[in-house]
Amino acid sequence: MKIIIDNIECEAQKDETLLQIARRNDIHIPTLCHNDALPGLGSCRLCVVEIVDKGRRSVVASCIYPVRNEIEVYTCSDKIKNIRRNLLMLLRGRVPNDETIKKLCKEYLVPDRIKFSGDKDEHCILCGLCVKACQELGASAISTVNRGITKKVTTPYDEPSAQCIGCGSCAYVCPTDAIKIEEKDGIRNIWNKEFQLLRCTRCGKPFATKEQLEYNREKLGEAHVKLLCESCKKAIIAEKLKDIYEKV
Amino acid sequence: MMSRTVYVCCGTGCLANNSMDVYKQLKKLAQKYEADVEVKTIVKATGCNGLCEKGPLVKIQPDNICYSKVKPDDAEEIVKRTLMNGEIIDRLLIYDTALKRRVISHKDTDFYKCQMKIALRNIGEIDPANIDEYMERGGYKALRKALFQMTPQDVISEIERSGLRGRGGGGFPTGVKWRQCSKFQNFPKYVICNGDEGDPGAFMDRSIMEGDPNTVIEGMTICAYSINSNRGFIYIRDEYSLALNNMNNALNQARERGLLGKNILNSGFDFDIEIVRGGGAFVCGESTALMQSIEGNVGEPRAKYIRSVEKGLWGQPTVLNNVETWANIPEIIMKGSDWFCSIGTENSKGTKVFSLVGKVKNTGLVEIPMGTTLRELVYKIGGGIIGDKKFKAVQTGGPSGGCIAEDLLDLPVDFDSLKEAGSMMGSGGIIVMDERTCMIDVARYYLSFLSEESCGKCVACREGIKRMLEILTDICDGKGIEEDLELLESLCHTVEEASLCGLGKTAPNPVLTTLKHFRNEYYAHIIEKRCPAGVCPELTAYEIDKKLCKSCGLCAKNCPASAILGKRGEAYSINTQLCIKCGNCIDSCRFNAVKVKKEVGK
Amino acid sequence: MRTLFEKYPKEKRYTLSILQDLQKQYGYIPKDKLIELSQYMGIPLSRLYSMATFYKALSLKPKGKYIIKVCDGTACHIRSSKTILDEIENTLGIKPGETTDDGKFSLETVNCLGSCAIAPVMVINNKYYGKLTSSMVREILKEYGGADDE
């Protein structure tokens, strides 16, 4: 099946998302809540595009829109630019000092002075990626709480969570660096809980929490869990590969 | 002696007026005097015939007498005079404001005569706790007809031809939905009844579930047969305890009679229904959020790019319709699509139930053919505005709908005409507003409602509503500037286009329609810094017209701040320092002597 | 406690029903019960907490003996439900969402009770009061022992 994105003809499979197709064809669509490993949130709405399906125009979120017909797509029409500008203005109202949002605001010509004000220390845009990452990982320590304009992401009762393994996946996927991880003297603090960090047996750098390792052991078995940090793991693999190539 | 049956309305409205005590007293006295009468409670919809406000209502059959505002002390007289001797007690009869006299039966009122009952056909006529009464009025005949005289395809074609459109809001053709779902050969399939009625001002679904639960069960079973589904769910708002109760009871009775469960009426077809209690979230009225809720999740909607008929509950093909839609099904199957098509307008067939509320004389549920004009609704059926004040607008469609101004009063009401006017049918709430309603306050009210009820998942809806609400609050507080209107409009369009689900997409409607039809009121707030309706406290001042004041003192009596002074024989006056601008004085004055000042001195 | 849970099959879709039963039994959802439910059902606590804060029928805070729900549906709103609410707030000294110190009254607003024909409306523990005025509210609260005799 073929679809046309910004006048470029693109090959598409049934039920592929528009965003997937666009990215494959190097057509840029901005996103905040999209992560290839955790797709399907559709909450930030920044990826909206205009489509024409059998003569009917509509605005859809490209990250979750499954392609089923040979449609035409416009990713940066004036209408779309306007929508993105307003969405970014709304986001800047929520997180006035966030650099990621500020940068996007500049790109979409959001005026410097806007009517809306918000908490100057707030960085969370409530996209939900962290919650999804935590769920997929299996710990499910955090969730969205409340609804409507009082919605937020937190641990149950805002207390340190028994389930949290301090892996930091939530912070890693966060598009606006809103989740604070502090590391000092071999202690990691995240979501108000302290974790002892383990050191890499190769380089000696603190790299993972005890709870994280235990969790992985339980899931993958003793044999697969070694006390090595990511860069050392890579280095070891590289060395092995080098050996193989040299032998060849 | 003639045998009589007494029906005491025990719907929520009448219960609030002590109808249970009336019922007990009547029952006790009927036994005491050994009158040959049967006393029954009957659950009628709140405001069923618009007479709830005249409750408790007591109906006596077969005489067809309807008494209003009955007190427990009246019971003895009713038993002795009416039940035993057939006499009519004049002072208890309903006073019809249009006819300017008392009427024996509620059916003699204009309010009742203009209506045509299909979905509400049994409400107030049967005891919902007794399946036999439903069956005596033709209940479950349609199911029998469908199962034994029609193929599933016949059923779908009949519904398609009838032109029935979903009564829950969107107006999607019901038959088309069933047809689409029937084509997917992916089992199990589910049938859902959306009873999570949440639009403030609408209560027809509640009244049907309370007053005629079996019609919903029958409608759903017919659909299940046509799409080959064996399992259904009825999602009922948690606040509707009576509806939950009556529906549960009806399901049990239907099972006992073999009308539900395995091998229905020996046809070989299995279908059963389960009730799911809602958790108190308006957004769960949105079909995909409702399904999330049934699955045991937080009720966050999903995008509808793939429809529920293909992937709905637990990812399976699902037909979801609302209560009123289900209530129409048995009648269409029994009387045929030609009959149904003959009612209504070109593209909106049949009738629609509206809850006519607000500043109108007769409030309540009314069922009228599609295409009836708003003017008929407000002035003929509704009897006009309370206190004969000036009509300002009607709001339809709840938080997703809009406000329609006086110039559109002759609009024939149907799905398409309302949409064209910027509003929507929604579930059928019609809220009448008069000169004492501030349209900015109304728009703000809906946004404030939605700011709490939005699921909060997507940026457009959550942040957009929050900021629009801020702007409107500023305007109501007298802090608005002209540029706000432009920003407001721009935000409206973004929220409309970019929101994930229907709640967000329609959220700007109350703002957009008031901006369109009542822009002058916005300017009055922003530029003149006054609220013409006298509602927004910061922009309001009242005065008493000395010429009109009859010095009755009613305003002073009703003033919670003791801000009104005066004595008999002299005109009263308001101490503006003490006044809290609640408006009680205006609303209580019978001579229109209390006025909203044209200029607010600051 | 187990018996309350065991009324339902151990399936995710019954969590909302169980939470509602807990709410009914305790007047709110106690923390230890939420944790217990999480272990019993094998559903993460964060998920249950998310539900308990999402659905308005559920509450994490204890409620008063009498729960006053003031309807602020559209019909009530334009028939001055605000005045009714103000009256209660002044008499009891609590705002919506709060409970009096003696644990006697909780005040809530609800969006529509479907009793628009008798607006403005309030409900105290399932008893409906319609066509309210400020002075009626005072009288009703007195019946429940809520008004001071100042």
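**Briefing: contacts between domains and between chains**

The C-alpha centres of domain 1 and domain 2 of chain A are separated by 29 Å. The model is a predicted one. The domain assignment places domain 1 of chain A at residues 1–125 and domain 2 of chain A at residues 129–244.

**Between the domains of chain A**

- Contact involves 13 residues of domain 1 of chain A and 9 residues of domain 2 of chain A.
- Together these two domains of chain A bury about 940 Å², and carbon and sulfur atoms give 67% of that area.
- Of the area that domain 1 of chain A buries against domain 2 of chain A, 46% is supplied by A:L38, A:L41 and A:H123, more than by any other three residues.
- The side of domain 1 of chain A that touches domain 2 of chain A consists of 8 nonpolar, 4 polar and 1 charged residues.
- Between domain 1 and domain 2 of chain A there are 0 salt bridges, while 3 residue pairs are in polar contact.

**Between chain B and chain A**

- Chain B contributes 34 residues to the contact and chain A contributes 33 residues.
- The two chains bury about 2900 Å² between them, with 57% of it on carbon and sulfur atoms.
- This interface holds 7 salt bridges; A:R94 forms a salt bridge with B:E463, where the closest N and O atoms are 3.4 Å apart.
- There are also 22 residue pairs in polar contact across the interface of chain B and chain A.
- On the side of chain B that touches chain A, the elements giving two or more residues are α17 (439–453), α18 (459–476) and α19 (483–498) of chain B.
- The most is given by α18(B), with 10 residues.
- That side of chain B divides into 13 nonpolar, 8 polar and 13 charged residues.

Key
Residues numbered from 1 in each chain as written. Chains lettered and ligands numbered in written order. Predicted model: local features only at pLDDT ≥ 70, side-chain atom pairs only at ≥ 80, totals over all residues. Heavy atoms only, no water. Contact = heavy atoms within 4.5 Å. Buried area = accessible area lost by both parts, 1.4 Å probe. Salt bridge = Lys/Arg side-chain N within 4 Å of Asp/Glu carboxyl O. Polar contact = N/O pair within 3.5 Å; in protein donor to acceptor, adjacent residues only side chain to side chain. Helix = DSSP H or I, 4+ residues; strand = E, 2+ residues; numbered from the N terminus. Nonpolar A, V, L, I, M, F, W, Y, C, P; charged D, E, K, R; others polar. Domains from an automatic or database assignment.
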